[in-house]
Every structure is written in C-alpha cells, then in structure tokens.
Amino acid sequence: MRLRKSRSPKGTGKIKGATGSSGSRITGVGGYRPERVIPNSEIVDAIDSSDEWIRERSGITERRFARPDESVVDMAEAASKGAIAMAGIDQSDIDAVLVATVTHPYQTPAAAPILADRFDLRCAAFDISAACAGYCHGISLASDMVRGGSASNVLVVGVEKLSDFTDMTDRSTAFIFGDGAGAAIVSRSDKTKIGPTVWGSEGDSWQTIMQRESWTEFRGNDEKTWPTIGMEGHKVFRWAVWGMAPVAQKAMEAAGVKASDLDAFIPHQANMRIIDAMIKQLKLPEDIVVARDIATTANTSAASIPLATERMLREGQVQSGSLALQIGFGAGLVYAAQVVELP
Ligand SMILES: CC(C)(COP(=O)(O)OP(=O)(O)OC[C@H]1O[C@@H](n2cnc3c(N)ncnc32)[C@H](O)[C@@H]1OP(=O)(O)O)[C@@H](O)C(=O)NCCC(=O)NCCS
C-alpha cells in the first residue's frame, strides 16, 4: 500500500476571531428563598443539640427548606426572573445559561438546559460543579465569555436543595445547610466592573467535604443508605479561616483595590465565626458592610453569595455601584474570589 504524503496544512491563520467587549459587569441579581422556615428548634432533637449551641458555634438561627415537589430548576427559575428584571433585558437577550449546583438530582442532563427552556431559550447551557465556590466560578466564566465574544448576556445561577442530601441525624451537618437560589446577569461593558478571579483547588483534601458514597457504591449496597454530604468540620473550619483570607487579599491586589476602597465584603455564608475570622485577617475597616445572611438562610452552598448580595441591595445596605469583594470556597476543596461592582 502506498502511503499518502501529508499535504501542507490549510489552517494558516484563516480563522476569524470573535469580538468581545473590553469589560464586563453584573447588571442584575435575584434571589429565591423557599417559604418553609425551619428554626433550630426543629433540628435539635435529632442531633442532641440546642438552639443556643447552634447560634453560638455557627451563627445560624433558622434556614429555609424547599417543598418536596420544588426542584432546583424551579428555584433557579424564580431567582433568575429577579435578575432579568433588574438587568432590564428581555429574556431572549440571554445567550448562555450557567447553573452552579451540587444538588440537581440527575447525573445527566444538567439543570442549565432545563432552566434555559423555562425561558424559551435554546442557547448554550451547562452546569458547574464547584460546590460553595460555584457562583464565583460562574461569574468568572461569564465575565470571560462576554469579554471573549462568545456571549453578550450570561445568566449565572447558584442553586441548592441541600435538604435532599443532608442526614438530619448528623451532628456536623444537619444544622448547617439550607435551600435557595441566587442569580445574576453578566453583560458586556466598556468598563471593567468584574475584577480578575483568583481561584484554585486543593484536591488532595477532597475527602473533607463529600457525598459519603458514590452512586455506584450506593447501587451495590444492600443496606441502601441514601448518600448524604459528610464533612470534617474542624478541618474545613481551619482551611477556611487560614487559607481563604490570603486568596481574598490576592483578589483585591489583582483588581488593584485596597481594603479601604471596598464598600462590602460578601464571603460564602459557611459559618459566622469563619466570616468574623476573615474580617480580622483581612483587616477590613469597620465601615465595610459584611454579608451575614447565614443567620436566617444558613449555608446554601452555591446560592449563598448571590442570595446575600440580593438581600444587601434590597435592604439598602449597599447601593448600585458599590465595590464588593466576594469569595466562595468549599468541597473539592476549591475556591474563587473576585472584586465586583454591584448592579
Ligand atoms: C461544624 C462546626 C460548627 C462544629 O463546631 P466545632 O467548634 O468545630 O465543634 P467540634 O466538632 O469541635 O465539637 C465541639 C464540641 O461540641 C459538640 N458538638 C458537636 N456538634 C454538636 C452539635 N451539633 N450540637 C451540640 N454539640 C455538638 C462536640 O461533641 C464537642 O463536645 P466536647 O467538647 O464535649 O467533645 C464547625 O466545625 C464548622 O463550622 N466547620 C466548618 C463548616 C463549614 O463551613 N462547612 C461548609 C464549608 S463550605
């Protein structure tokens, strides 16, 4: 057989590039909190705890749980409507949908295309699995997408129904998690209103927060104990307190801002004591507004930062144009932080 000689390559710089915008910005945020309020008193008996202990160790007084028939996509849709309304765009202007979640209960398909369909959209749609850092990963991707020219308006959603994956008899997690959704629209902009993202992973610690059994182990398990999320609380606490303040600091440096330039600090709502420790380490001035949504919303993983943001804007704690430092961190272990101008 005669071997064909390879011909000279055709791709000699002929591909046309996409044109993006010079900057990006968040043009709207929205939030959805399920109706059912679960006070600590409803949790304590099953874990031999007390309202006082939970408040003191975590700062949580209550959380919201979704209805059994209320899905991750339902909550995402409700939050998205608020973000679209604030952005003042038509839903048909959205050209990519990113959903950050770890509790959409289907291995496939992702939640994002189902959410896109709720808005009659046929655009690019995919999920992000970065746990409590998912929203900040989404903002980073969306910002790069509009600047790179692959989208003009991106819907970014952080949504969780953690009540489906929590063992209500587990002392280390039962009181921590809540359900909810937060959404943002990221749009093209002449000015830079989303700073560079500082992000990373520490996969050697993947077992510190994890679904206890894989789906395949669950299938082979005759006892069939529903896989829930387990956590080594102490380790996660130390990592968050000591490891995440330097990441937040780097995000400020990357954006060229100092702590005194900030109006708001919106960290992932994991534990009030973690938030307080980060404020101390970052030496944040006292006049900076700090998100403390965890008290009544608990830890809603990917939803926690957009939910806290939506509340701070709605309650007038911050205004449109406020400069905020946001940082997400969680299972993986993974993290992402950036400075943003609020819509
Ligand atoms: C979960 C967490 C609040 C526990 O607080 P902690 O101070 O580390 O608690 P410990 O596990 O050291 O336990 C301290 C004591 O409280 C007890 N305790 C633990 N859980 C309890 C509970 N739910 N109720 C009452 N007592 C509890 C322990 O038995 C222990 O008692 P002892 O001192 O008599 O032995 C804390 O580790 C934490 O917030 N971790 C990070 C969680 C987080 O952010 N997760 C999400 C990251 S994305």
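# Close-up views of a predicted model

View 1. An oxygen atom of the ligand sits 2.5 Å from an N or O atom in the side chain of Arg57. This is a polar contact, a pair of N or O atoms within 3.5 Å; within protein, one atom must be able to donate a hydrogen and the other to accept it, and residues adjacent in sequence count only if both atoms are side-chain atoms. An oxygen atom of the ligand also lies 2.5 Å from an N or O atom in the side chain of Asn271. The protein covers 71% of the 950 Å² of accessible area that the ligand has on its own. Such areas come from the Shrake-Rupley method with a 1.4 Å probe; for residues, only the protein chains shown count as cover.

The model is predicted: local features need pLDDT of at least 70, side-chain atom pairs count only at pLDDT 80 or more, and totals for chains, interfaces and linings use all residues. Residues are numbered from 1 along each chain as its sequence is written, and side-chain values use heavy atoms, with hydrogens and water left out.

**View 2. The shell around the ligand.** There are 22 residues around the ligand, and Ser49, Arg57, Gly233, His234 and Asn271 come nearest. A residue is near a molecule or strand if one of its heavy atoms lies within 4 Å of it. By class, the shell has eleven nonpolar, eight polar and three charged residues. Here Ala, Val, Leu, Ile, Met, Phe, Trp, Tyr, Cys and Pro count as nonpolar, Asp, Glu, Lys and Arg as charged, and the others, Gly among them, as polar. Helix 1 (51–58), helix 6 (233–255), helix 7 (272–282) and strand 13 (323–330) each supply at least two shell residues. Helix 6 gives the largest share, four residues. Helices (H or I, at least four residues) and strands (E, at least two) are DSSP runs, numbered from the N terminus. Where does the ligand lie relative to domain 1 (23–189) and domain 2 (198–341)? Both domains give residues to the shell, so the ligand lies between them. The domain bounds come from an automatic or database domain assignment.

**View 3. Strand 7 and its partners.** Strand 7 (residues 179–189) is mostly covered, with ten of its eleven residues buried. Buried means under 20% relative accessible area, exposed over 50%, and partly exposed in between (1.4 Å probe, protein chains only). Strand 1 (residues 23–32) runs antiparallel to strand 7, and nine bridges join them. Arg25 has Ser187 as its bridge partner in strand 7. Strand 6 (residues 153–161) also pairs with strand 7 in the antiparallel sense, over nine bridges. There, Glu160 stands opposite Gly180. Two strands pair if DSSP finds at least two bridges between them.

View 4. Gly182 belongs to strand 7. Is Gly182 buried or exposed? Gly182 counts as buried, at 0% relative accessibility. Thr309 lies in helix 9 (residues 304–314) and is buried too, at 3% relative accessibility. The Thr309 side chain reaches the backbone oxygen of Ile305 at 2.7 Å. Helix 9 as a whole is mostly covered: nine of its eleven residues are buried. After helix 9 comes Gly316, with a positive phi near 75°.

View 5. Strand 11 (residues 264–267) runs parallel to strand 13, joined by four bridges. Ala264 has Ala324 as its bridge partner in strand 13.

**View 6. Backbone exceptions.** Most residues other than glycine have a negative phi, and most peptide bonds are trans. Thr108 and Pro109 are joined by a cis peptide bond, with omega about 0°. Pro109 lies in the loop between strand 4 (96–100) and helix 3 (111–118). The bond from Gly332 to Leu333 is also cis, with omega near -15°. Asp48 is not a glycine, yet its phi is positive, about 45°. Asp48 is exposed, with a relative accessible area of 63%. Ser301 has a positive phi of about 50°, but Ser301 is buried at 2%.
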